[in-house]
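I opened my notebook to look up charged pairs, a helix and a pocket. These are my entries.

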Amino acid sequence: MLIAVWMGAAAGLGGAVVGYLALRRARAEIDDCRRQLVRAASGGGDLRAIRDVAVCRYDALEEMSGRLSFSVALMNGLGDGIVLTSINGRSETRTYVRAITGGRGEQPLAPEEQEAVRAARLGLGPVITKPRASRQPADTL
């Protein structure tokens with residue numbers, strides 16, 4: 001009987017934590033949407049023209065410093081466009097491009113790519129700098 005009470009309490013606490021985390025994420029998304037609406041309302045012009053641009057510079061590899069790797073988001077007012085990523089190492093450079101539709105990647109985006117897209121949508125660009133990364137993006141593994 002006592003075990004069942006403890007299990008129920010643990011399950012309830014776990015559910016409360018999950019609910020709290022979901023609420024925090026939802027509030028952040030709502031704030032982003034509000035900023036986008038304010039920005040769109042104050043703008044004007046052709047929504048299909050590229051107008052949202054941001055560059056996220058970061059250290060993608062342990063061997064390199066100086067934030068030489070970058071992700072550039074280029075999007076129109078509808079949230080469609082591309083994110084161009086360049087991972088720079090001592091002996092090679094890898095470049096990737098991914099399509100963005102409605103502010104979301106058509107393929108999974110690396111955290112740095114997501115940050116560039118978010119910054120472009122919110123008008124935080126042109127250049128944002130991310131703290132030193134402790135891992136390689138999934139694409140380079």
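I looked up Arg-94 and found it partly exposed at 33% relative accessibility. I use buried for under 20% relative accessible area, exposed for over 50% and partly exposed in between, with a 1.4 Å probe and protein chains only. Glu-92 is partly exposed too, at 44%. The side chains of Arg-94 and Glu-92 form a salt bridge, 3.6 Å from N to O. For me a salt bridge is a side-chain nitrogen of Lys or Arg within 4 Å of a carboxyl oxygen of Asp or Glu. Elsewhere, salt bridges with shared partners join Arg-51, Asp-52 and Arg-121 into one network.

I note that this is a predicted model: local features need pLDDT of at least 70, side-chain atom pairs count only at pLDDT 80 or more, and totals for chains, interfaces and linings use all residues. Residues are numbered from 1 along each chain as its sequence is written, and side-chain values use heavy atoms, with hydrogens and water left out.

I then checked Arg-51 and Asp-52. Their closest N and O atoms are 3.7 Å apart, in a salt bridge. Arg-51 is partly exposed at 26%, whereas Asp-52 is buried at 1%.

How many salt bridges does the structure hold? I get five. One of them pairs the side chains of Glu-29 and Arg-104 at 3.8 Å, N to O. This pair links distant parts of the chain, 75 residues apart: Glu-29 sits in helix 1 (residues 2-42), Arg-104 in strand 5 (residues 104-105). I take helices (H or I, at least four residues) and strands (E, at least two) as DSSP runs, numbered from the N terminus. Glu-29 is partly exposed at 32%, and Arg-104 is exposed at 54%.

The largest pocket holds about 580 Å³ of space. Glu-29, Asp-32, Arg-104, Gln-114 and Arg-118 are the closest to its centre among 18 lining residues. A pocket here is an open set of points on a 1 Å grid over the protein atoms alone, where a 1.4 Å probe fits, with protein on both sides within 12 Å along at least five of seven lines; lining residues have an atom within 4 Å of a point. Helix 1 gives the largest share of the lining, six residues.

**Helix 2.** I looked up its buried residues; among them are Ala-116, Val-117 and Arg-121. Just after helix 2, Gly-123 takes a positive phi of about 75 degrees.

Technical notes:
Points joined across faces, edges and corners; volume = space filled by probe spheres on them.
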